[in-house]
Amino acid sequence: MLYPKQSQTRCVLDLNGIWDLAREHEKCGQEDGFEAEKKVAVPCSYNDLYAEEGFRMWSGGVWYSRTFVVPRALRGERLVLRFGSVAYSAEVYVNGLRAGAHAGGHTPFEFDVTHLVGGGDNLLCVRGENALSAETVPMGGLNNAPENGQFAGQYPDVPFDFFPYGGIQRNVCLYTTSPDGWISDIRVVTTIDGATGRVSIEGAVDGAGGIGDTIHITDCKFWGVGAPNLYVATIALVDGAGAVVDEYAQRFGVRTIAVAGDRLLLNGAPVYLQGFGRHEDFPIVGKGLCHGVNVRDHELLKWINANSYRTTHYPYSEELVALADEQGILLIAEAPAVSINFDFVTPRTLENHRAALRELIERDRNAPSVIMWSVANEATTNRPEARPYFSELAADARSLDGTRPVTMVTCKVEDDAVVDLFDVVGVNFYPGWYHLPGVGARAPWAAQRDNMRDALSALHAKCGKPIFVSEFGADALAGMHALPAEQWSEEYQADLIMELISVFRELDFVVGEHVWNFADFRTAQNFPRVGGNKKGVFTRDRQPKMAAHFLKRQWATPRY
């Protein structure tokens, strides 16, 4: 599925803005229109727009509607209605007729609506539902029974530590192609031979059939960290008379990514990941696409000398991935499979997980910024059922894209049963916070350093794969200070992060350090959380805590 772009053969009509919204108390013909309860912004999460608690925690059916007009000049064209994402599932109706449905809250979907659209005002109604279950990815509604008990009893009932925002959270548009034929997919694969970039381009027409070519770029400017060298391949579909029927400009960067021994190689040279896990989360808009927030976040990444982040714990917007392409920032793209619990997994869970992973890879495989696929975060991978489950996912990822390493992020440091299935192992480990709290009086931080060193060394001995520490850190309340350092103070967070980084730099098999988290974020309500998760080195409104200044100095000089 191609990102909608204006061209000489395509027109894009923006359908974002203020829509009507109503909760579904009973399903009774809302596809033909309904009485609005509220006005709602699109794109935006609906949860934090209103004062009533009934909207904030609503996960059942919600109905969105607006009208649109197709200009006369476009009425002979093929018309495609496209959504960047709707959490978690959507049913779409145009003029009361069903256009289609989609499940999965973080990837785009589209429908050909040529036959549904009329010449005047057209009514667009969308039913969204954000109810999670044992069979959705991510899971939810497990009767507050997460595997480790940490989030038992929280509200709403989700087994993960971020808020389950709902609604139409990314762009909505109508775009056109010629009814006589259109380019439906493009795949770009790059390799490097000395100073030459070899570019293989494959495409599909009308959803079937193929086109292809290979080009060589001499004296090629390769894409890399802080070197966002991009090229554009313009693919044209022509008729028998040589007239252009459809055209699409596909952007790409020439770069390679590989694992060799205990090293991660970018364009054949070792690269060390320094950055964060993060969230699409901001006051009022929730997970809604906000270009201002995206620009600010990337500016802060450059300020702090980070080179990478993981899209925890779901695919981020296409627009943010494109920004990383344009700025030379490395991404580990993660499927929306957080806290998979094998006490509840069904065959349908795996089916949905595989579909979500496939949609992520098919969406982002042309992005040079994406250097690794992460199939899941913090599953119960110490269970025997995990082995066949993750064997299928690892195989899926490699069959869909053999050009990038595949990872899975574990918190089962001692008894994980699946890490050897992957090319790189991600580890979430929190000495100094969830265990070994406080600073030792005789040898400050020695217990935490030793615990981290021993755990990573044992895991590497077990799997023989390079490791990146995908989460570590501590909560800190901005403005809280303590001398000597105590938990929740800015001093404690900064000192702990720097002490653990000193351990990573001792270990040759560690290929990266991602602090948890880039910025504070909203979570479900539970007693360990004070207004959300405060592990950010920036506040939720993107102001630095003490740890940010320490990291800026640490990361000014890359490890290698």
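Predicted model: local features only at pLDDT ≥ 70, side-chain atom pairs only at ≥ 80, totals over all residues.
**Ground rules.** I number residues from 1 along each chain as its sequence is written. Local features need pLDDT of at least 70 and side-chain atom pairs 80 or more, while totals for chains, interfaces and linings use all residues, and side-chain values use heavy atoms without hydrogens or water.

**Domains.** I looked up the domain assignment, an automatic or database one. It gives domain 1 (17-130 + 165-170), domain 2 (182-252) and domain 3 (278-556). The unreviewed UniProt entry places "domain: Glycoside hydrolase family 2 catalytic" at residues 257-556; such annotations may be inferred rather than shown by experiment.

**Domain 1 against domain 3.** I found their C-alpha centres 33 Å apart. The buried area, meaning accessible area (1.4 Å probe) lost by the two parts and summed over both, is about 1500 Å². Carbon and sulfur atoms give 49% of that area. His106, Tyr165 and Arg170 lose the most on the domain 1 side, together 39% of what that side buries.

I then counted 3 salt bridges between these domains, each a side-chain nitrogen of Lys or Arg within 4 Å of a carboxyl oxygen of Asp or Glu. I also checked Arg170 and Glu280: their side chains form a salt bridge at 2.9 Å, N to O.

**Helix H3.** Helices here are DSSP runs (H or I, at least four residues), numbered from the N terminus. In H3 (residues 318-327), 7 of the 10 residues are buried, so the helix is largely enclosed by the rest of the structure. Buried means under 20% relative accessible area (1.4 Å probe, protein chains only). Among the buried ones I noted Glu318, Leu320 and Asp325. Gly328 follows H3, with a positive phi near 70 degrees.

Key: Buried < 20%, exposed > 50% of the residue type's maximum accessible area, 1.4 Å probe, protein only. Helix = DSSP H or I, 4+ residues; strand = E, 2+ residues; numbered from the N terminus.
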